[in-house]
Amino acid sequence: MIGKLTSPSTIKYIMGKYDFKFSKGLGQNFLINEMVVQDIVDGADIDENDCVLEIGPGIGVMTYEMASRAKQVTAIEIDNYLLPVLDETLSAFDNVTIVNNDVLKVNLEELIQEHFNGQPPKVVANLPYYITTPIVMKLLEDELPISDIVVMVQKEVADRMMAKPSTKTYGALSVAVQYYSEPEIVTVVPPSSFMPQPKVSSSVIRLRVRKRDDLKLTDKKVFFNTIKDAFGKRRKTLLNCLSSGVLKISKDDLKLIFEASGIDGIRRGETLSIEEFATLSNEICKYIK
Ligand code: SAM
């Protein structure tokens, strides 16, 4: 009988029994803090009506807790060595499916369709940090049918996702995340909550996915290119950034665009709200083919 999955002695027992070794490359830092596991599952508000798509279950510490609360959990795990472990740790549940694959290679739209019968799942993930932001952005940008993303990220990344205009951490990531979702910090997690311990502090962030029809964008691509250009050179004015970035708008046109949108061209991109980026990009659309 396996003990508590957050206990270091249980993890050591599993490592011995299944000849399992932590892989640094797969970012295998397992949670050993029961309170953090509870905070994540509470933060995701999981109940018996919910479907959950977990990415990176490890030995199943969060999967176990979520399976006992949710209707259905599907978890994508890349590491073959963890499959027999998950078989054992999750043997009490008949509402869990493990998909042995690389999340970067899975067709997530198809998987969601196949596993959740049309119900938008909540995505819960604790992944290697170098793939977390690309995965979160892919989930949001592809506008997949999901209701929430609850994810462990490096603390600084969570701060950037939450940042408001005119702060040091506000940037293209803040605008993109806040365009697609309403972010909220669930909890801050110190390195001591993991085995082995990572070097950095982490935060769990919940993104409530939403549609921003209120912004009435003429062209989403132009909106994101405006943001990319505006933050391209942080210390330069909007006039400079937008005349030399991917949009390459002439300074004469920009003067008319700034006038019509009521946004001063000598401002820096980091001072603009999402609403102002929308107004500006809609005006830009009138000048580009
Ligand atoms: N959820 C567990 C926990 O909190 O203790 C494990 C988290 S550990 C930080 C990351 C997990 O993601 C590992 O189980 C690792 O094998 C898995 N993983 C890493 N890269 C992956 C990928 N590309 N696709 C799917 N799973 C991946």
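Select Glu143 and Lys220. In this predicted model, the two side chains form a salt bridge, with 2.6 Å between the closest N and O atoms. How many salt bridges are counted between domain 1 and domain 2? The count is one.

**The domain boundary**

At the boundary, 14 residues of domain 1 touch 13 residues of domain 2. Together the two domains bury about 980 Å². Carbon and sulfur atoms give 65% of that area.

Which residues of domain 1 lose the most area to domain 2? Select Tyr170, Val175 and Tyr179. These three account together for 48% of what the domain 1 side buries.

Polar contacts cross the boundary too. Six residue pairs are in polar contact between domain 1 and domain 2, counting pairs with both residues at pLDDT 80 or more. Now select helix α8, residues 172–180. This helix supplies six residues, the largest share of the domain 1 side that touches domain 2. By class, that side holds seven nonpolar, four polar and three charged residues.

**Salt bridges along the chain**

Widen the view to the whole model. Side chains of opposite charge can pair when their charged atoms come close. The salt bridge count here is 18. Three further pairs are worth a stop.

*Stop one: Lys4 and Glu34.* Select both. Their closest N and O atoms are 3.8 Å apart, and the pair forms a salt bridge. Lys4 sits in the segment before α1 (8–17), while Glu34 belongs to helix α2 (residues 34–43). Is Lys4 buried or exposed? Lys4 counts as exposed because its relative accessibility is 54%, over the 50% cut-off.

Asp45 lies in the loop between α2 and β2 (51–55), and Arg206 in strand β9 (residues 202–209), so the bridge ties together parts 161 residues apart in sequence. Now show the surface. Asp45 is partly exposed, with a relative accessible area of 46%. Arg206 counts as buried because its relative accessibility is 5%, under the 20% cut-off.

*Stop three: Arg208 and Glu184.* Stay on strand β9 and select Arg208. Its side chain meets that of Glu184 in a salt bridge, 2.5 Å from N to O. Glu184 is in strand β7 (residues 181–189), so this bridge ties β9 to a part of the chain 24 residues away in sequence. Arg208 is partly exposed at 32% relative accessibility. Glu184 is partly exposed as well, with a relative accessible area of 36%.

**Last selection**

Finish with Asp42, Glu65 and Arg69. Salt bridges with shared partners join these three residues into one network.

Key. Residues are numbered from 1 along each chain as its sequence is written. This is a predicted model: local features need pLDDT of at least 70, side-chain atom pairs count only at pLDDT 80 or more; totals for chains, interfaces and linings use all residues. Side-chain values use heavy atoms; hydrogens and water are left out. Contact means heavy atoms within 4.5 Å. Buried area is the accessible area (1.4 Å probe) that two parts lose on being put together, summed over both. A salt bridge is a side-chain nitrogen of Lys or Arg within 4 Å of a carboxyl oxygen of Asp or Glu. A polar contact is a pair of N or O atoms within 3.5 Å; within protein, one must be able to donate a hydrogen and the other to accept it, and residues adjacent in sequence count only if both atoms are side-chain atoms. Helices (H or I, at least four residues) and strands (E, at least two) are DSSP runs, numbered from the N terminus. Ala, Val, Leu, Ile, Met, Phe, Trp, Tyr, Cys and Pro count as nonpolar, Asp, Glu, Lys and Arg as charged, and the others, Gly among them, as polar. Buried means under 20% relative accessible area, exposed over 50%, partly exposed in between (1.4 Å probe, protein chains only).
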